[in-house]
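Today I opened a new structure and kept notes as I went. I wanted to know how the chain folds and where it leaves an open space.

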Amino acid sequence: ALVQGSFRLDPFAPALFVFCNRQRNKLKILQWDHNGFWLYYRRLERGQFRWPQAPRDQATLAISLRQLRWLLDGLSVDQAPAHAPVRAHHVV
């Protein structure tokens, strides 16, 4: 209901919807999978998630899978010194 009502997004879309609590030590991830929802939950024993700030005119922020991994590891989604993603090139 939150995804659809508050954010005006399709909860059945092929996406992960990530939510963080106020203390920033718990994440919930909602995902639709064919005939039901998955709800993933992650809680930190110590520390906080580096939750990104969406622009003021947006309630949501789209991030890449790589950025999600950083977030789950407790890192900022804006890793400026990070290497560019490696892409395989096919040689014909």
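Below are my entries, from the whole chain down to the pocket.

**Ground rules.** I am looking at a predicted model, where local features need pLDDT of at least 70 and side-chain atom pairs count only at pLDDT 80 or more, while totals for chains, interfaces and linings use all residues. Residues are numbered from 1 along each chain as its sequence is written, and side-chain values use heavy atoms, with hydrogens and water left out.

**Whole chain.** I found two helices and three strands in the protein chain. (Both are DSSP runs, numbered from the N terminus: helices are H or I with at least four residues, strands are E with at least two.) Along the sequence they come in the pattern α-β-β-β-α. I also looked up burial: 16% of the 92 residues count as buried, where buried means under 20% relative accessible area with a 1.4 Å probe, protein chains only.

**The sheet.** I traced three strands in an open, antiparallel sheet, in the order E1-E2-E3. E1 and E3 stand at the edges with a single partner strand each, so one side of each has no neighbour in the sheet. Neighbouring strands are turned by 20 degrees against each other on average, direction ignored. (Angles run from 0 to 180 degrees between N-to-C directions, and axes are lines fitted to C-alpha atoms, for helices over the stretch in contact.)

**E1 with E2.** I counted four bridges between E1 and strand E2 (residues 26–33), in the antiparallel sense; two strands pair if DSSP finds at least two bridges between them. Val18 stands opposite Ile29 in E2. Five residues lie between the two strands of this hairpin, and Arg24 in the turn has a positive phi of about 60 degrees.

**E2 with E3.** Here I got eight bridges, again antiparallel, to strand E3 (residues 36–43). Which residue of E3 is the bridge partner of Ile29? I found Tyr40 there. Leu30 has Leu39 as its bridge partner, and Gln31 stands opposite Trp38. This hairpin has two residues between the strands, and His34 takes a positive phi near 65 degrees.

**H2 on the sheet.** I saw that H2 lies across E1, E2 and E3 and runs at about 145 degrees to E2. Contact means heavy atoms within 4.5 Å. Among contacts between residues at least 6 apart in sequence, 26% join residues at least 24 apart.

How much space lies in the largest pocket? I noted about 690 Å³. The closest to its centre, of the 23 residues that line it, are Phe17, Val18, Trp51, Thr60 and Leu61. Strand E1 (17–20) and helix H2 (65–72) are the elements that give two or more residues to the lining, and E1 gives the most, with four. By type, the lining divides into 18 nonpolar, four polar and one charged.

**Terms for the pocket.** A pocket is an open set of points on a 1 Å grid over the protein atoms alone, where a 1.4 Å probe fits, with protein on both sides within 12 Å along at least five of seven lines; lining residues have an atom within 4 Å of a point.

How values were computed. Grid points are joined across faces, edges and corners, and a volume is the space filled by probe spheres set on the points. Ala, Val, Leu, Ile, Met, Phe, Trp, Tyr, Cys and Pro count as nonpolar, Asp, Glu, Lys and Arg as charged, and the others, Gly among them, as polar. Buried means under 20% relative accessible area, exposed over 50%, partly exposed in between (1.4 Å probe, protein chains only).
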